[in-house]
Structures are given as C-alpha cells and as structure tokens.
Amino acid sequence: MWCKQSAAIQERGPKASTTVVGAGPAGLVCAIVMARGGRRVIVREWRKSVGSRFHSDFQGLENWSDRRDILEEMRTVGIEVNFDCHPVYESTVFDAWGEAYSVRGERPLYYLVHRGNREGSLDRGLLKQAVGIGVDVRFGDRVTEINDPAVLAIGPRIADAVAAGYVFETDTADGSWATFNNALAPLGYAYLLIHQGRGTVASCMFTGFKLQAQYVERTVSFFREQVDLKMRNVRPFGGIANFRLPRTAVQGGHPVIGEQAGFQDALAGFGMRYSLRSGVLAARSHLEGDDYTQLWRRELLPLLRTGVSNRFIFNCIGERGWRWALRGLSRSDTVAKLQRLYQPSLLTRPIFPLAYWRYRTPLRDPSCNHVDCRCVWCRCGAHHSPLAGHNRHTNAAYG
Ligand SMILES: Cc1cc2nc3c(=O)[nH]c(=O)nc-3n(C[C@H](O)[C@H](O)[C@H](O)COP(=O)(O)OP(=O)(O)OC[C@H]3O[C@@H](n4cnc5c(N)ncnc54)[C@H](O)[C@@H]3O)c2cc1C
C-alpha cells in the first residue's frame, strides 16, 4: 500500500505538494526536512497557534537513548537550535524514602526547553524555521479527512500517562529534581525544573489519574520541604501522553508520525526525540521513496520494544527496586548507563513478549488496521471521529 503511494508521489514530481496534518514537533520537523529537500509543503494545524497543548512548561529533550547527542542529530538533518535550550548535566533524584542521589553525565542528561507559544519555545523555533524555508503553515484548519499525499502528526489519541502540575515564577536557584515515589506519582515520577526565575513542578502518573489533584499537591509539598521551593504567579497545567507499539504507522496510505503513532518511550514518557525522528523518517520516505514502514521498524521499533520491556521491569520491581537502580545510576556516568538500558539486551529481549502481552490492552489499538481507512483519527471500526470528543475532553481538563 505504502509502496504504491510512494510511487505515486514520485510520479507527481518534486514540485507536487505534500500536506502535513498537525504543527507539533513531529509535523514541523517533517515539513522542514521535506521543504529543504525541495518539496512544496503545506502544514494544516487545528489550533490558532503552535504549542497550544502546552503551557510554557519546561520539558526535557532527552540525551540518553542514543550515542549521538540530540542537538547534533538535529543539526545533521538541518534543524537549527533557534529556541531556548539549556544543557542539564546533573539532577538530584529522591527515592521513596526521601534519600537524595545525584545523577550526572559527562555530556548533558537532557536539554531543557519550554513548550507552547511563547517566544523562545521549541514550538515557536520550529515554526520559524518552517516558515523561513517556505512551508505554508495554515492555522485554525482542522482536518477530518485527507486524500492528497500527506503525513499525519496530530498528537496523542488517549492517555497512557498524565502529567499535571504548575508553572510559576521563583527566586529559588536553578536546578533539576525528580522523585520516584508512588505516593506522589503512581508508577511514574514527580519533577521540579527551575531555570532563570521560571519553574515547572509536576506529577507524571502512569496510573491513578482520578486522584490527580491529590498527587499534584503532595508533589508540591514534597519539593517545598526538600528544596525550599517558593512559587509566585502560579498557573496550573497538564496534559496526556500516549505510547504504544503500533501494528502499523500508516493510515489510509499516509505515514503516521510522533505521538499519533504512539512513538514515545513507554518507560518515562519522553516523546519529543521520537517525534523528531519519525518526522525525519517520513520526510525521507516522501523525498526518496523509501518505504516508511521499513524505516520506522528499523530505526524506532527496537527502542520502542525496549521501552515496553523497561516499563514492565519498572512496574515489577517497585519502590525498593527503583532505589536500587538509582544507587547504581548515581555511581558513575548516568548517561552512559541509561544508554545501555535503552539498547535491546539479554534481559529486555526475552522479557519483551511477556511485557507486551501484559501491556497489550493499553499499548495496542485493536480496532482498526489503519491502512485502508481514510479518516484522520481512527480508533474504531465505525470510523466516526473520536478526535473531537477526545480533544474537547483534554482541553476542558487542562485549559
Ligand atoms: C505535560 C507534558 C510533559 C511532557 N514532557 C516531556 C518531556 O519532558 N520530554 C519529552 O521528550 N516529551 C515530553 N512530553 C511528550 C511530548 O511533549 C510529546 O511527545 C510531543 O509533543 C509529541 O509531538 P507531536 O508532534 O507528535 O504531537 P503534538 O505536539 O501533540 O502536536 C500535534 C498537533 O496536531 C494538531 N492537531 C490535532 N488534531 C488535528 C487535526 N484534526 N487537524 C489539524 N491539526 C490537528 C494539534 O493541535 C497539535 O498542534 C510531555 C508531554 C506532556 C503532555
């Protein structure tokens, strides 16, 4: 199916336009790479601006799942760092008993960026690059059906994890803190990130969403106690994360990228790097006629499978196991250790079938093969658009 479409695209020639649905990091990176390759690209975005799912909260562009530095990886494919981006080499992580461990890397653990429509955000930076290279970005354009050659990049379908908390101003010194504690973030982690007078504190829960407000308040109290957190101009924020192992990342013949495909680390819910990568892969498939399915299976699937195994192990070992892992991670270069954790290994490979079976309900979309349907959002055989309901819910909950 996809090969047929690639052939059709080749026949239409390099000046034919390609539509990208969704102006998140996945869609914009895909658009930039295609435009640099000489293609005419139209990005259709539902909202009136980029990053409307986010609230100027800090996020981490992780730097541990690959030997390459993420910024170097981006530059290699022609993405500039024209957004606020600060390397974080060290973080303090607490176990469930409140003991602190310092984790650090010889290269940055992650790069701190902010998300949303504020000047300096990752989203605004990518938008500038896209527009600068001639991509036609159309806002307020909700896509429900598509027929032209397209790439689908409309973000999460459902919530496998929820992150909720506050963004604020502060005089507290810069830093990066996290804790693994079920009382604060069930099966997840709580975090506090402060940079130059602005901060984000949140609980990232992998279950127990109903008690979200309680976990957020406990998280704030915890960091007030541990790092003497002081907050001004506090604004609540939150959002959902969706990760799964897709049977296919092609829908209606169009490549599906980023979180819409479920491309995200199932262990920690870090999705930006996966979004950027899948955007590049889809662009390559459009430009060079490579088979997108082969590309993502080769470049992303091993990482995604390892993420599922890691999540299974994480859930099994509980708070004592997390403490043991933290001790290990804090003893030497954490980035190097995490890199090993994210490679398929003698432990994660054999565990995968069990992990996948255990998580297949949330990780698998059983309703549709996504190949011969034409709707943009597809979670059921009836093909009515659950998108509208889902996003209304998300926005009502998180403003
Ligand atoms: C609170 C929170 C904290 C996070 N922290 C981190 C972190 O620290 N590190 C990390 O790596 N990841 C983090 N993530 C995950 C990361 O933000 C996402 O994985 C990433 O933004 C996904 O990018 P995307 O382009 O696939 O989707 P999105 O960023 O969701 O973009 C999708 C776009 O499509 C648009 N759209 C939707 N439907 C339509 C339609 N029908 N027609 C047209 N346009 C449409 C949307 O408006 C949106 O602009 C976090 C997520 C949340 C919610």
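Let's start with helix H5, residues 212–227, in this predicted model.

Now, which residues of H5 are buried? They are Tyr215, Val216, Thr219, Val220, Phe222 and Phe223. If you look down the axis of H5, these buried residues fall within an arc of 160°, so they line one face of the helix. Turn to the face pointing away from that buried side, and you'll find the exposed residues Ala213, Ser221 and Glu225.

What covers the buried residues of H5? The cover includes four strands: S10 (161–169), S11 (175–179), S12 (189–195) and S13 (198–205). And do have a look just past the end of H5, where Asp228 takes a positive phi of about 55°.

Okay, on to the ligand. It is surrounded by 37 residues, and the closest are Gly24, Gly155, Gly239, Gly258 and Gly271. As for the elements that give two or more residues to this shell, they are helix H2 (25–36), strand S3 (58–62), strand S14 (232–241) and helix H6 (272–288).

Last point: where does the ligand lie relative to the domains? Domain 1 is made of several segments, 2–56, 66–81, 117–159, 242–307 and 353–398, while domain 2 is 161–241. Both domains give residues to the shell, so the ligand lies between them.

Thanks, everyone!

Definitions and conventions:
Residues numbered from 1 in each chain as written. Predicted model: local features only at pLDDT ≥ 70, side-chain atom pairs only at ≥ 80, totals over all residues. Expected span 1.5 Å × (residues − 1). Buried ≥ 20, exposed ≤ 12 C-beta atoms within 10 Å, placed from the backbone. Arc of directions from axis to C-beta. Contact = placed C-beta atoms within 7 Å. Near = placed C-beta within 6 Å. Domains from an automatic or database assignment.
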